[in-house]
Amino acid sequence: MSEDQKHQLEKQLWNIANTLRGQMNADEFRDYILGFIFYKYLSEKLHIKANELLQQDNCNYEDVDENAEQGKNILEEIKIETLDSLGYFLKPSELFHAIAEKGKDNFILEDLQKILKNIESSTMGTNSEDDFDNLFEGLNLSSPKLGKTENEKNNLIVKILLHLDDIDFKLENSSIDILGDAYEYLISQFAAGAGKKAGEFYTPQEVSKVLAKIVTTGKNKLKNVYDPTCGSGSLLLRVAKEVKEVGEYVGQEKVLTTYNLARMNMILHDIHYNQFDIKQADTLERPMHKDRKFEAVVANPPFSADWSANPLFKSDDRFSQYGRLASKKYADYAFIQHMIHSLDENGVMATIMSHGALSRGGGRSTYTKIFN
């Protein structure tokens, strides 16, 4: 695929995203658009896999009769296969194209909400359950911001689905990552319009590329990479572009909607559910990977963030060796200490910090008291 074709896709997706502009703030319509794109991706990915499994039977997945006994047996076999390979399952009637077409002449909001819930529930009791749990929580299809009446909401959602349905994501060609690049483009566009809040979910590519090169210098592959404030996961994915192989992507994110976005971003970039471990919680207060060590650590932590600085943390392995805790109002050094603790013996760390972190509390004295 040429650069022109890639830019054309980015332009198409951004135009669809702007369908919601003016009805809600950027954070909200970001979650809807990226969520629907992700649903289409999951649908097409499963459709392709199911058709491969049915190839010897000379049958297409969308033609399977869900109510017939034979059809039920086929669906059960496909469910077993796709839960193992993809981590989730969708019936033919739950595919993106099917619900978009149904929306031309029917009210579909309830059906659509049920389908999104079914994607999550299909993973219960499987290895991918944590990666899909409440993944579509941010898509509230009953929100009054989508329209004053239920019909207005339905018409708007159907309009978006039909526009997306017309776009070929070219998922059959596994050698290109056009959709992954386009998804990153959309995230960057939303970040550009979010001002200071953008740092909560996105690190500019120019900056993340520098960090990625620092932690991968002289290496062709990484055992693992960790971002304790991973946002949308873009920094973890940027590291992967600098090496041939990454064994595992590990991250933690405090904000629930951003955490969901990070998991979507991993899956959409074709990172297998067994290859990433993204958790949702406050990294300083409740570290979810505290006892693990990583070959590469990258982060763009929130500048001058508040934290509890609880005296109990003085006995925490992450902070105990320094003799003091970072200020309640400035958690910058707490993040640095956490990252140093997370480094493997020969690991490399790269992070972004506000320049003010070096001069607070009386010049370099703050720095030297904590790290000398």
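Predicted model: local features only at pLDDT ≥ 70, side-chain atom pairs only at ≥ 80, totals over all residues.
Student: Where does H11 lie, and what is its span from first C-alpha to last?
Tutor: Helix H11 covers residues 256–268, which is 13 residues. Its first and last C-alpha atoms are 18 Å apart, close to the 18 Å expected at 1.5 Å a residue.

Student: Let us take Ile267; why does it count as buried?
Tutor: The relative accessibility of Ile267 is 8%, and the cut-off for buried is under 20%, so Ile267 falls in that class.

Student: What is Ile267 in contact with, leaving aside neighbours within four places in sequence?
Tutor: With those neighbours set aside, Ile267 is in contact with Phe38, Tyr41, Leu42, Asp131, Phe132, Leu135 and Phe276.

Student: And how far is Ile267 from Pro228?
Tutor: Their C-alpha atoms are separated by 19 Å, while along the chain Ile267 and Pro228 are 39 residues apart.

Student: Which residue with a positive phi follows H11?
Tutor: That residue is Asp270, with phi near 65°.

Student: Changing topic, how many aromatic pairs does the structure hold?
Tutor: The structure holds ten aromatic pairs. In one of them, Tyr226 and Phe294, the ring centres are 4.4 Å apart and the planes lie at 15°, so the pair is stacked.

Student: Which parts of the chain does that pair link?
Tutor: The pair links distant parts of the chain.

Student: What about Trp307 and Phe313?
Tutor: Trp307 and Phe313 form a stacked aromatic pair, at 5.4 Å centre to centre and 20° between the planes. Trp307 is buried, and Phe313 is buried too.

Student: Which residues form a cluster with Trp14?
Tutor: Trp14 forms one aromatic cluster with Phe29 and Phe190.

Student: Finally, where does the charged end of Lys40 sit?
Tutor: The charged end of Lys40 sits over the ring of Phe169, at 4.8 Å from the ring centre.

Note on methods:
Residues numbered from 1 in each chain as written. Heavy atoms only, no water. Helix = DSSP H or I, 4+ residues; strand = E, 2+ residues; numbered from the N terminus. Expected span 1.5 Å × (residues − 1). Phe/Tyr/Trp six-rings, centres within 6.5 Å; stacked < 30°, edge-to-face > 60°. Buried < 20%, exposed > 50% of the residue type's maximum accessible area, 1.4 Å probe, protein only. Lys NZ or Arg CZ within 6 Å of the ring centre and 35° of its normal. Contact = heavy atoms within 4.5 Å.
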